[in-house]
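Hello,

Here is the structure I promised to pass on to you. Please have it open while you read, and my notes on it follow below.

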Amino acid sequence: QVQLVESGGGSVQAGGSLRLSCAASGYTYGRNAMGWFRQAPGKEREGVAVVYTGGGIGITKYADSVKGRFTLSQNNAKNTVYLQMNSLKPEDTAMYYCAAAGAIPYQAVLLADRYNYWGQGTQVTVSS
């Protein structure tokens, strides 16, 4: 069982920055994807940024809407991933979730239904 705990959400004005953290604990062996999803009211959960480590490689995939503004990083020693969010826009407002999965193909890394471990979520609100 994998436990994921997020932190770092909050409220910020458009153009501002926030940094989210997600600490993983428990049985993390075999996990090959970990990253961030978000869900705004009335919308489906969508992938934001995920690091894929299947096959021993390390690739980060971003949603088109956040490319150039968000950066995912990780501290393997601490089993923690971070999401640095810059140039935030009101449309980035959502509940942000950390998720982890094992044995999923790279093509599916931004698909929420492929993930079986989820954190409790942290709210990000961007005002105009």
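In what follows, a contact means heavy atoms within 4.5 Å. With residues up to four places away in sequence left out, M85 touches G16, S17, L18, L20, R69, F70, Y96 and V124.

A word on the source: this is a predicted model, where local features need pLDDT of at least 70, side-chain atom pairs count only at pLDDT 80 or more, and totals for chains, interfaces and linings use all residues. Residues are numbered from 1 along each chain as its sequence is written, and side-chain values use heavy atoms, with hydrogens and water left out.

**The cores**

M85 is also one of the residues, with W36, L83 and Y96, that touch the most other members of the largest nonpolar core, which has 27 residues. Such a core is a set of buried Ala, Val, Leu, Ile, Met, Phe, Trp, Tyr and Cys residues joined through side-chain atoms within 4.5 Å. Buried means under 20% relative accessible area, exposed over 50%, and partly exposed in between (1.4 Å probe, protein chains only). Among the elements that give two or more residues to this core are β1 (2-7), β3 (18-26), β4 (31-39) and β9 (94-102); strands here are DSSP runs of E, at least two residues long, numbered from the N terminus. A second, separate core has 10 residues, including Y52 and I104.

**Strand β1**

V2, L4 and E6 make up the covered face of β1, while Q3, V5 and S7 are on the uncovered one. β1 pairs with β3 in the antiparallel sense over six bridges, where pairing takes at least two DSSP bridges between the strands. Q3 has S25 in β3 as its bridge partner.

**Aromatic rings**

The whole structure holds five aromatic pairs. Rings of Phe, Tyr and Trp (its six-membered ring) pair if their centres lie within 6.5 Å; planes under 30 degrees apart count as stacked, over 60 as edge-to-face and the rest as tilted. F37 and Y115 are edge-to-face, at 4.8 Å centre to centre and 70° between the planes. This pair links F37 in strand β4 to Y115 in the loop between β9 and β10 (117-118), 78 residues apart. F37 counts as buried because its relative accessibility is 0%.

Which residues form one aromatic cluster? They are F37, Y97, Y115 and W118. R45 lies over the face of W118, at 4.6 Å from the ring centre; this requires CZ of Arg (or NZ of Lys) within 6 Å of the ring centre and within 35 degrees of the ring normal.

Best wishes

Notes: Helices (H or I, at least four residues) and strands (E, at least two) are DSSP runs, numbered from the N terminus.
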